[in-house]
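I opened my notebook to look up a few things in this structure.

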Amino acid sequence: MMESQTSANISTKLERIAKQAREAPDMAFRTLAHNIDIVWLHEAYRRTRKDGAVGIDRQSANEYAANLEGNLQSLLDRAKSGTYRAPPVRRVHIPKGNGSETRPIGIPTFEDKVLQRAVAMVLEAIYEQDFLNCSYGFRPKRSAHQALADVQPQAVIMRGGWVLEIDIRKFFDSVEHRMLRDVLVRRVRDGVLLRLIGKWLNAGVLERGELSYPVAGTPQGGVISPILANIFLHEVLDTWFHREVLPRLSGTARLFRYADDAVLLFSDKRDAARAMAVLPKRFGRFGLTLHPDKTRLVDFRRPDRHLPSSERSGPGTFDLLGFTHFWGRSLSGKWIVKRRTAKDRFRRAIKRIAEWCKVHRHDDIRVQQETLGQKVQGHYQYYGITGNGKALRKLLYEVKRAWCKWLNRRSQRARMTWERMNRLLERYPLPPPRIVHPYSKFA
């Protein structure tokens, strides 16, 4: 089967579904599963990451590919007949930004990832016609950096204002299955797809050898989870804000959402206060809870605005997508919104690298240099935006410190002084800071 022909055939099908969704925004699709055939599964397989962690069956992508045609045909038959059983996900925990909490991630089997990708392709074709421009997370041709690039100029144009930071408590663990299904059936009523989604929502979780069956939450870490989260929050927040909130405001306002990370920017304090008052009720209707401390209203008015002394509580800062946003002067002396790496993200990055240096301190120096270089480059790849050079330089310095510290522990006889470390760095240099995303309309 020619890969280019497969992709072309699937693109035609996807566009046909998208066209129907655009032309009938209120229509519920009753027949969708017929689109998923063996060619569709081949495309889903092609789009599935092959280097991810293995699920509970320990089967790798290479092992699955050894009998790809037979495996995909079996998968298709089971999915269509209703005999497919969603295997439990293997749960692991990764640290959150505050260092004291962890975020659970579920790892499906490779075959489950392929089938989830096949269904996600169908859902994406429909809901991309419905989703609003305020939503950036896990969508085609949209990214976190696009959201960041849009927030800055809008805040400058509005001369700041009032920022409402929204923090949904344990969103991926608390989505009620009934609520999610109620939202889904407004657009999707195909029995095969709804049955599969239900199986993934109810699939067990294997953690430390114990199997449990959560009654709420989406399969975080699963391929299907991001699109389900977007569908749910599109209804809970996006459409509600644009249809119900905006028409009632005295001033202007903008919403920026990346998955469950969102901020609202208001020009009028009274509008912001009213929105903050009704948000808990809105989210509560859908079984969600806002974090009482992390959901907050920030005075983000531009510092030079002439305000009565009784109102001067700003300018504050707010965090979005790993960056702290604050007011500062451009090179030309104008007030602009600048960004720097958020403190919790910075601490997390340094902690992880220091732990790696500790564990691998006896590895060959060349191997350490290559791995540390990859880690530093990965950090630059995300945090290397215009105006964040100081934080990048500080990270590199802290990485060098951690490397020096743990090289010093390799031997009690040969001390690794900074003089020796600098000579080592001349021979085994780490990548210098670089701006990967040079966007700043108002720099």
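Which residue stands opposite Ala262 in E7? I looked it up: Ile166 does. I keep in mind that this model is predicted.

E7 covers residues 261-266. I found 5 of its 6 residues buried, so I note this strand as mostly covered, with buried meaning under 20% relative accessible area.

Then I looked up the partners of E7. Strand E3, residues 162-167, is joined to E7 by 6 bridges, and the two run antiparallel. Strand E6, residues 253-258, is also antiparallel to E7, with 6 bridges between them. Here I found Tyr258 opposite Asp261 in E7.

I followed the chain from E6 to E7. The two strands form a hairpin with 2 residues between them. In that turn, Ala259 has a positive phi of about 55 degrees.

I reminded myself of a general point. In a regular strand, side chains alternate between the two faces of the sheet.

Now the whole protein. I counted 15 helices and 11 strands. The C-alpha trace spans about 65 × 65 × 45 Å along its principal axes. I compared the radius of gyration with the globule rule: for 443 residues a compact globule would have a value near 22 Å, and the protein's 25 Å agrees.

Of the 443 residues, 49% count as buried. Among contacts with a separation of 6 or more, 72% link residues 24 or more positions apart.

Last, I checked charge. I noted 79 positive and 46 negative side chains. The centres of these two sets lie 6 Å apart.

Note on methods
Residues are numbered from 1 along each chain as its sequence is written. This is a predicted model: local features need pLDDT of at least 70, side-chain atom pairs count only at pLDDT 80 or more; totals for chains, interfaces and linings use all residues. Side-chain values use heavy atoms; hydrogens and water are left out. Helices (H or I, at least four residues) and strands (E, at least two) are DSSP runs, numbered from the N terminus. The radius of gyration is taken over C-alpha atoms; the globule rule is 2.2 Å times the number of residues to the power 0.38. Buried means under 20% relative accessible area, exposed over 50%, partly exposed in between (1.4 Å probe, protein chains only). Contact means heavy atoms within 4.5 Å. Lys and Arg count as positive and Asp and Glu as negative; His and the chain ends are not counted. The place of a charge is taken as NZ of Lys, CZ of Arg, CG of Asp or CD of Glu. Two strands pair if DSSP finds at least two bridges between them.
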